[in-house]
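Trainee: Could we take a close look at one part of this model together?

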Amino acid sequence: MRREGPGVPGAPSVGTESLSHPVAGAAATAGARDTLRTEFEFELPRGYVDESGTVHRRGSMRLATARDELLPLRDVRVRENPAYLSVVLLGRVITRLGTLGDVHDGTVENMFASDLAFLQDFYRQINAEGHTRAAVACPHCEQSFEVELAGSRLGES
């Protein structure tokens, strides 16, 4: 069965109004259309150190597509070691990291474990929950509040 969609020749006409999530930060003004935020900024807790010793902390990650999640399953490294899936997947969706010209799975596999864990959680937040905020509770008073994960560093809220 073949499905057709927007941008595909012969596809049925679809309205041009975009989807929006209230957390996406797109301010809706009178007469303006909402937009779907597809790219999210982050700051690594430790940072990726390149060959010249430069530390790269700030970057951006785009929302994953079905293709992003399916193609790595064909990768021999993932078939031999399923834990490698997140490395390949993150290499596909990280669009920028510091001043690096290209971010790929080789970049991700050379990151510190704490940065990899941060990126895995960040990926889950933006793709599964649609935002970069997490609900937490104070360990002392047990009061619940939200923290922003995008751009945050360890120990900051």
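Trainee: In which order do the elements of the chain run from the N terminus on? After that, please walk me slowly through the aromatic cluster.

Mentor: Happy to! From the N terminus on, the order is β-β-α-α-α-β-α-α-β-β, which comes to five helices and five strands. Helices (H or I, at least four residues) and strands (E, at least two) are DSSP runs, numbered from the N terminus. Keep in mind that this is a predicted model, where local features need pLDDT of at least 70, side-chain atom pairs count only at pLDDT 80 or more, and totals for chains, interfaces and linings use all residues. Residues are numbered from 1 along each chain as its sequence is written, and side-chain values use heavy atoms, leaving out hydrogens and water.

Now to the rings. The structure holds three aromatic pairs (ring centres of Phe, Tyr or Trp, its six-membered ring, within 6.5 Å; planes under 30 degrees apart are stacked, over 60 edge-to-face, the rest tilted). Phe42 and Phe122 make an edge-to-face pair, because their centres are 5.7 Å apart and their planes meet at 65 degrees. Phe42 sits in strand E1 and Phe122 in helix H5 (residues 113–129), so this pair ties together parts 80 residues apart in sequence. Phe42 is buried at 1% relative accessible area, and Phe122 is buried at 1% as well (buried means under 20%, exposed over 50%, partly exposed in between, with a 1.4 Å probe and protein chains only).

Phe122 also pairs with Phe118: these rings are stacked, 5.9 Å centre to centre with 15 degrees between the planes. Both lie in helix H5, four residues apart, about one turn of the helix. Phe118 is buried too, at 13%. Put together, Phe42, Phe118 and Phe122 form one aromatic cluster.
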